Amino acid sequence: MRGRLVLLAVSVTAMVITAFSLPLALLVGELAEDRAIAEVDRETNSVARTLAVLFDPSTAQLQALIDGSNPDLDLTIVSFDGAV
């Protein structure tokens, strides 16, 4: 009898832990994905605003460097005629 009660307690504990752990793991993964997408979106908007201000399409010359908010940013600008 005591063995069955222990087995019941262990199985109920395992079910409760599983019931909380799986949704928590899914939520953490979704939050990490949302944060990564938000960071990329912020960086993309920053580059787009900088290029809108600094890039003169008539001469196709970049008149200043990116503001340096992310020194690891590797940026290549390709114009409509294919020039890099």
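**Exercise 1.** State where glutamate 39 lies in this predicted model and whether this residue is buried, partly exposed or exposed.

*Solution.* Step 1: glutamate 39 has its place in helix 1. Step 2: the relative accessible area of glutamate 39 is 38%. Step 3: buried requires under 20% and exposed over 50%, so glutamate 39, at 38%, counts as partly exposed.

**Exercise 2.** Find the salt-bridge partner of glutamate 39 and describe the pair.

*Solution.* Step 1: side chains of opposite charge can pair when their charged atoms come close. Step 2: the partner is arginine 42, with the closest N and O atoms 2.7 Å apart. Step 3: the cut-off for a salt bridge is 4 Å, and by this rule the count comes to 1 salt bridge. Step 4: the side chains of glutamate 39 and arginine 42 are also joined by a polar contact of 2.7 Å. Step 5: the two residues are 3 residues apart in helix 1 (residues 2-54), so about one helical turn separates them. Step 6: arginine 42 has a relative accessible area of 46% and is therefore partly exposed.

**Exercise 3.** Work out the order of the secondary-structure elements and the extent of burial.

*Solution.* Step 1: there are 1 helix and 2 strands in the protein. Step 2: along the sequence the pattern reads α-β-β. Step 3: the protein has 84 residues, of which 4% count as buried. Step 4: its accessible surface comes to about 7,300 Å², and carbon and sulfur atoms account for 65% of that surface.

**Exercise 4.** Determine which element has the lowest mean pLDDT and which the highest.

*Solution.* Step 1: the average pLDDT of the protein is 78, and 62% of the residues score at least 70. Step 2: among the elements, helix 1 has the highest mean pLDDT, 90, while strand 2 (residues 61-62) has the lowest, 48. Step 3: over residues 63-67 the pLDDT is below 50. Step 4: beyond near neighbours in sequence, the stretch of residues 63-67 has 7 contacts in the model.

Note on methods
Residues numbered from 1 in each chain as written. Predicted model: local features only at pLDDT ≥ 70, side-chain atom pairs only at ≥ 80, totals over all residues. Heavy atoms only, no water. Salt bridge = Lys/Arg side-chain N within 4 Å of Asp/Glu carboxyl O. Helix = DSSP H or I, 4+ residues; strand = E, 2+ residues; numbered from the N terminus. Buried < 20%, exposed > 50% of the residue type's maximum accessible area, 1.4 Å probe, protein only. Areas by Shrake-Rupley, 256 points an atom, 1.4 Å probe, with all protein chains shown as cover. pLDDT = per-residue confidence, 0-100. Contact = heavy atoms within 4.5 Å. Polar contact = N/O pair within 3.5 Å; in protein donor to acceptor, adjacent residues only side chain to side chain.
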